[in-house]
Amino acid sequence: MTDHTDAADSRFAALPCRPGKIIAVHLSYESRAAQRGRRPAQPSYFFKASSSVAASGDTIVRPRGTELLAFEGEIALIIGTEGRNIPLESAWDHVGWVTASNDLGLYDLRANDKGSNVRSKGGDGFTPIGPELIDARTVDPAALRVRTWVGDTLVQDDTTGGLIFPLAQYVADLSQHFTLERGDIILTGTPAGSSVIVPGDVVTVEVDSPATGATSGRLTTTVVAGDGPHYDEALGSLPAVDDTQREEAWGSADAAGLPARRHLGLDPDLRAKLEKTPVAGLSQQLRKRGLNNVTIDGVRPLHPNAKLIGTATTLRFVPNREDLFASHGGGYNAQKRAFDAVTDGQVIVIEARGETGSGTLGDILAIRAHARGAAGIVTDGGVRDEQAVAAVGIPVYTAGAHPAVLGRKHVPWDVDVTVACGGATVQPGDVLVGDADGVIVIPPALVEEVVDAALAQETEDAWIADRVAEGHPVDGLFPMNAQWRARYEAEAGSGR
């Protein structure tokens, strides 16, 4: 390791040369996948500029006007031997060295880069690496460890035994697409524990081989506040954050200082009662309590025989405006965030203003919601690929089918806010029940009372139906007068 080509540049002092390519893995550890609620079937990657490299001891500037700078302690592989179309069984032979890295990123800037992370992770100093190199030939790639500290607190501690894909697979896979050259760096993803850092924090990352004692040494980075100019709106995307981004950056709602989500599913006993209760009966009971505007009108089920039961998580579209679609429609927009964040037992409720002139979801997003355990989807807009969406199997209510993409009529704007869907106001955490008659919205505080009353009414209505079938006239029986009420209560009390 003596052939430094950038010896005068201290950023690359720990490396064999300035890297031609830095390739980073999006999601690689089981612990991180569990934290994010999604597990990739195959590796996926993004590029970082070599100008983002920093040395141990350097500072990282959190730009003015941003809040969500996050660390990611990672194992870095440095290619020692050039290769193209490298077989998996010999891929590790092309790795020259292993060291520590910190894949820093700004969540404030990631929305419009469609997963490329050009702006959010490509800034100067956003790839600290080093300080020492471990000879890859001396360590077992399946038994490496990465640890990260913020100050004196250990916040990440995992091994390559927790990887979804082995390290060598990244080398072999990438070499299918381009030549891996000496000095190229592969950042192999971060385990659970990544979170936000603020000015004054010192982050330390170490990679080692517990079996041999080989270590990268401690890679340290200090966060400082930027005092430069704000980003220029005339040139490109401005920093933007919401609570979903904050929760992902910090690692949890609690760590971000956000209130716990209210809509984490229904009690199994309550769900069982709702399964037995028709929407018409629930509507009747809500009307008795003064709630008349709780039906989502104008939507029809793609699965009329399936019952929809769940708690609401919401997505709001605003009317399309070309400049707003340019700033909010691409990248990791509100629509994608909603379908990535939905959890078991939730119903995604979409406000589309009754506009059916374009789709508000298609089969890919329906598959995503189904994989996340969503209870269903309700949109007062259109659905693309309606037959394919229906084939996914998740209950979906829609105002109609339309082949056009989102940008024709809508801009995805916000998630987890109060929305208007089919003429009804829906808040996150509201209980939704749907059947062939339609969808109804129940305030959480009333759901137990309403379902018990509806089930009691169902029993009563069944008794009345039996009397009508016996030939009794409806007058005085439906609804029951005092005489019929006395008979009903007497028979109900006797168990008849």
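At 11% relative accessibility, Glu460 counts as buried (under 20% relative accessible area, against over 50% for exposed and partly exposed in between; 1.4 Å probe, protein chains only). The model is predicted, with local features requiring pLDDT of at least 70 and side-chain atom pairs pLDDT 80 or more, whereas totals for chains, interfaces and linings use all residues. Residues are numbered from 1 along each chain as its sequence is written, and side-chain values use heavy atoms, without hydrogens and water.

Glu460 forms a salt bridge (a side-chain nitrogen of Lys or Arg within 4 Å of a carboxyl oxygen of Asp or Glu) with Arg485, the closest N and O atoms being 2.8 Å apart. Glu460 belongs to helix α11 and Arg485 to helix α12 (residues 482-494), so the pair ties together parts 25 residues apart in sequence; helices are DSSP runs of H or I with at least four residues, strands are runs of E with at least two, and both are numbered from the N terminus. Arg485 is partly exposed, at 28% relative accessibility.

A salt bridge also joins Asp452 and Lys273 (2.9 Å, N to O). Asp452 lies in α11 and Lys273 in helix α5 (residues 268-276), so this pair ties together parts 179 residues apart in sequence. Both partners are partly exposed, Asp452 at 36% and Lys273 at 25%.

Lys21 pairs with Glu181 in a further salt bridge, at 3.3 Å between the closest N and O atoms. Lys21 precedes β1, while Glu181 occupies the loop between α3 and β12, 160 residues apart. In total, the structure holds 23 salt bridges.
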